[in-house]
Amino acid sequence: MGRRRPRLPRLLERSRRLILGHNHPAIVAAITEQTRRGLHYGACHELEVRWAELVRACVPGAEKVRFTMTGTETTALAVRVARAATGRSKIVKLEGHFHGVHDALVAAVKDPFEIPMSAGVPTETLASTLVARHNDLAHVKALLDEHEVAAVILEPAGGRSMTAPTSPAFLRALRELTRARSVVLIFDEVVTGFRMAPGGAQEYFGVTADLACLAKAVAGGLPGAALTGRADLLDTIAFAGDSKRDRTRRVADQGTYSAAPIVAAAGVAALEILKTGEVQRELNRKGDRLRAGMNQVLKTRGVPGTVYGASSIFRIFLGADAATLGLDDGTMDVARLDRGMGPLGAKLHLAMLLHGVDYNRGSANGWLNAAMTDADIDAMVDAFDRSLDRLRQERALP
Ligand SMILES: Cc1ncc(COP(=O)(O)O)c(C=O)c1O
């Protein structure tokens with residue numbers, strides 16, 4: 001007797017980078033076509049220009065665009081540009097916010113926030129990174145009063161992809177504060193860019209940063225990313241034709257594969273679809289449907305917990321409701337949210353897998369994509385219901 005093949009999860013929620021799904025025909029066609037024309041020209045090409053035009057058309061404040069390969073590279077470049085433009089060295093980041101794994105920003109990502117998320121980073125380097133409490137404008141203000149700060153960087157919708165959501169009032173006030181102090185405001189829109197709206201969280205919340213870091217959706221699922229924002233800031237990277245300035249004051253940035261033709265082809269194909277906002281409107285509606293459905297399950301079953309988030313991003317927390325967690329009024333305990341559900345989180349994820357649904361186990365959040373139908377959303381709600389039932393039978397629920 002042959003071994004039974006394991007049943008694969010029907011819904012894969014690990015689609016942060018794939019807002020259009022795993023093999024959207026327009027993206028596959030664009031890549032296939034480009035592979036016939038050439039993989040790498042070692043020079044600029046037309047697709048790169050079209051790609052930048054689309055970014056500029058969608059993203060608020062995108063006066064210029066610089067293509068890179070990854071989110072990590074992009075936030076590192078943003079920090080360097082801000083330092084070069086202001087002549088200051090300190091960077092403020094927020095507790096619980098993730099910006100990739102380069103040295104400057106590995107501080108205070110995960111609870112306990114005193115310990116950087118990576119070993120091997122000199123304390124001297126981390127001394128330039130100041131950490132502000134999430135949603136706490138007075139704390140940011142105090143840091144700006146005390147130090148020569150080049151930039152404030154944050155995930156505009158909330159740390160670790162909305163594990164701790166940002167209050168829109170905080171965002172607006174932060175914009176005013178940084179503008180008044182000539183501190184560069186950097187939005188890390190690696191996840192939210194083109195997802196919450198064609199103009200990302202900037203459009204969604206109506207707040208425009210000085211620099212925005214884009215990755216994932218911007219390149220249609222291929223390794224591509226971009227830094228965009230104010231022209232005077234992006235111009236620190238450009239050659240001015242003045243050899244002294246170019247040698248001593250220019251921000252160095254280059255990458256063999258940045259905006260490689262197949263990546264640009266995928267990016268153009270993706271943004272041609274995403275620019276209308278239709279995909280995002282549908283996904284945002286489905287996000288509401290999913291969160292409402294899962295919260296109704298919690299209520300019906302009398303399980304303390306909440307499924308929160310915004311747009312097409314969701315996060316599951318069992319053990320306390322939204323008010324207790326301070327999600328309703330922005331007074332949240334970021335460390336508690338960051339720790340999540342502990343061993344119960346792993347059990348819930350396993351139960352959901354058994355019912356055909358996968359999502360990001362570690363942080364218990366997920367991202368919808370355009371291939372998902374309303375029936376898929378309802379199947380996820382149903383899987384959640386069955387999973388809670390299973391956990392209750394195992395006496396695993398709080
Ligand atoms: C908000 C945010 N910033 C930066 C990054 C790093 O991007 P990459 O993995 O492309 O380096 C990620 C990755 O998930 C992210 O979620």
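1. In strand 11, L318 is the bridge partner of G305. Strands here are DSSP runs of E with at least two residues, helices are runs of H or I with at least four, and both are numbered from the N terminus. The model is predicted: local features need pLDDT of at least 70, side-chain atom pairs count only at pLDDT 80 or more, and totals for chains, interfaces and linings use all residues. Residue numbers start from 1 along each chain as its sequence is written.

2. Strand 10 and strand 11 run antiparallel and are joined by six bridges; two strands are taken to pair if DSSP finds at least two bridges between them. The hairpin that they form has two residues between the strands, and S311 takes a positive phi near 55° there.

3. Strand 11 (residues 313–318) is also joined to strand 13, by three bridges, and these two strands run antiparallel. On this side, R315 has N365 of strand 13 as its bridge partner.

4. Strand 10 is mostly covered, with six of its six residues buried. A buried residue has 20 or more other C-beta atoms within 10 Å of its own, an exposed one 12 or fewer, and a partly exposed one a count in between, with C-beta atoms placed from the backbone. Both faces of strand 10 are covered: G305, V307 and G309 are buried on one side, and T306, Y308 and A310 on the other.

5. The protein as a whole has 15 helices and 13 strands. Its radius of gyration, taken over C-alpha atoms, is 22 Å, close to the 21 Å that the globule rule (2.2 Å times the number of residues to the power 0.38) gives for 398 residues, so the protein is as compact as a globular protein of that length. Of the 398 residues, 48% count as buried.
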